[in-house]
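This report concerns charged side-chain pairs. Please have the model open while reading.

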Amino acid sequence: MTQISRFIAEVVPVAQRVTGDGGESAAPEGGGGFADYALVSLHCLRIYLDSSYRMTIDLLKEMPQITGEIGLNAADLPAPSTLCKAFDRISMSVCRVLPGQSAQLYDLSEHAAIDATFYDRSPASRHYCQRISYRVQKLKVTKLVDTASQAVLDIHCSTNREGSDADLAEQIARRNAGDLRSLAADKGYDKQSLREGLRELGIRPLIKHRIFAPYDHAHNARIDDNRYNQRSMTETVNSAVKRSLGFAVRARSWFREFREIALMCVVYNIKRFLKQ
C-alpha cells in the first residue's frame with residue numbers, strides 16, 4: 001500500500017465521523033451534491049499533495065484506488081472549479097472539530113501546551129488589495145498541542161492582534177476541558193484570571209510567573225519543570241507544519257484561510273501518525 005493510500009484510508013473515516021454523513025453516497029445522486037466527507041477528503045488530499053485544484057483532479061483521474069477509497073470513480077470527480085467552490089460548503093463547525101478528531105488516532109496524554117504562530121497570507125496584486133481592503137499580511141494561529149504525541153488538538157485563527165493571549169487560551173481550554181489535566185504555556189500567558197479559570201475547569205496551569213516580587217520565585221519553584229518544559233513541543237509542531245505544508249495560506253478570505261489552516265493540521269496529524 002502506498003503512502004497516499006494509507007493517508008486517504010485514515011482521512012476518510014475521520015471525515016465521516018465529523019460530518020456525520022458516512023452512510024451517504026460520496027458521488028452526487030439524483031441531482032444532489034457531493035457528500036461532505038468526500039469534499040473534506042478531497043481537500044485534505046489536495047493539501048497533502050501540495051497541488052492546485054486542477055492538478056489534484058488530474059492526478060486523481062490516474063489513481064482509481066485512491067478515488068475508490070473515497071467512494072468515487074474517475075467519472076464522478078468534480079471539475080476543478082466545482083472543487084474550489086465546494087471549499088466554502090465545508091462548515092466552519094466541522095473544520096473546528098476536525099483537528100481534534102484526527103488527534104484521536106494517537107494515545108493522548110491529557111497534558112497539553114499552547115502557543116501562537118503566524119502564517120503569511122499569499123501575496124496579491126495591489127489592485128486586488130485595494131478593491132477588497134486586503135491589508136492584513138499575516139494570520140495569527142494559536143495551536144493546542146498534546147505534549148506526548150505532538151498532535152494538534154485545537155486551533156484558533158485571527159486576522160488581528162487585538163485581545164489577550166491569556167483570554168484566548170482560556171477559551172480554547174474550555175472547549176477541551178474534559179480531555180486535559182494540565183496546560184503549559186510561556187510567560188506571555190501570565191494572567192491570574194487564566195490560572196483561576198483553568199483550575200475551575202480541573203486543569204492544572206503550568207505557566208511561569210513574570211518576576212515582579214520575591215514571592216514570584218516561590219510560585220515558579222512549585223511548577224513541575226519536566227511538564228513545563230514540554231511547552232516547547234508547540235514550537236516544534238509549528239515548525240514541522242510549516243516545513244512540511246508551507247508557511248503561507250493560499251486562500252484570500254479569512255474564512256477560507258481558517259478552513260485551510262484546520263485542514264493543514266489534520267494532514268499533519270495523519271502524516272505524523274502514519275510515520276509512527
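The model is predicted, so local features need pLDDT of at least 70 and side-chain atom pairs count only at pLDDT 80 or more, while totals for chains, interfaces and linings use all residues. Residues are numbered from 1 along each chain as its sequence is written, and side-chain values use heavy atoms, with hydrogens and water left out.

Side chains of opposite charge can pair when their charged atoms come close. A search of the whole structure finds eight salt bridges, each defined as a side-chain nitrogen of Lys or Arg within 4 Å of a carboxyl oxygen of Asp or Glu. Among them are these:

| Pair | N to O distance |
|---|---|
| arginine 175 and aspartate 154 | 2.9 Å |
| glutamate 170 and arginine 174 | 2.9 Å |
| aspartate 190 and arginine 195 | 2.8 Å |

Helices (H or I, at least four residues) and strands (E, at least two) are DSSP runs, numbered from the N terminus. Because arginine 175 belongs to helix α8 (residues 165-175) and aspartate 154 to strand β3 (residues 152-158), their pair ties together parts that are 21 residues apart in sequence. Glutamate 170 and arginine 174 are both in helix α8, four residues apart, about one turn of the helix.

Buried means under 20% relative accessible area, exposed over 50%, and partly exposed in between (1.4 Å probe, protein chains only). Aspartate 154 is buried at 4%, whereas arginine 175 is partly exposed at 32%. Glutamate 170 is buried at 15%, and arginine 174 is partly exposed at 44%. In the remaining tabulated pair, aspartate 190 is buried at 15% and arginine 195 is buried at 3%.
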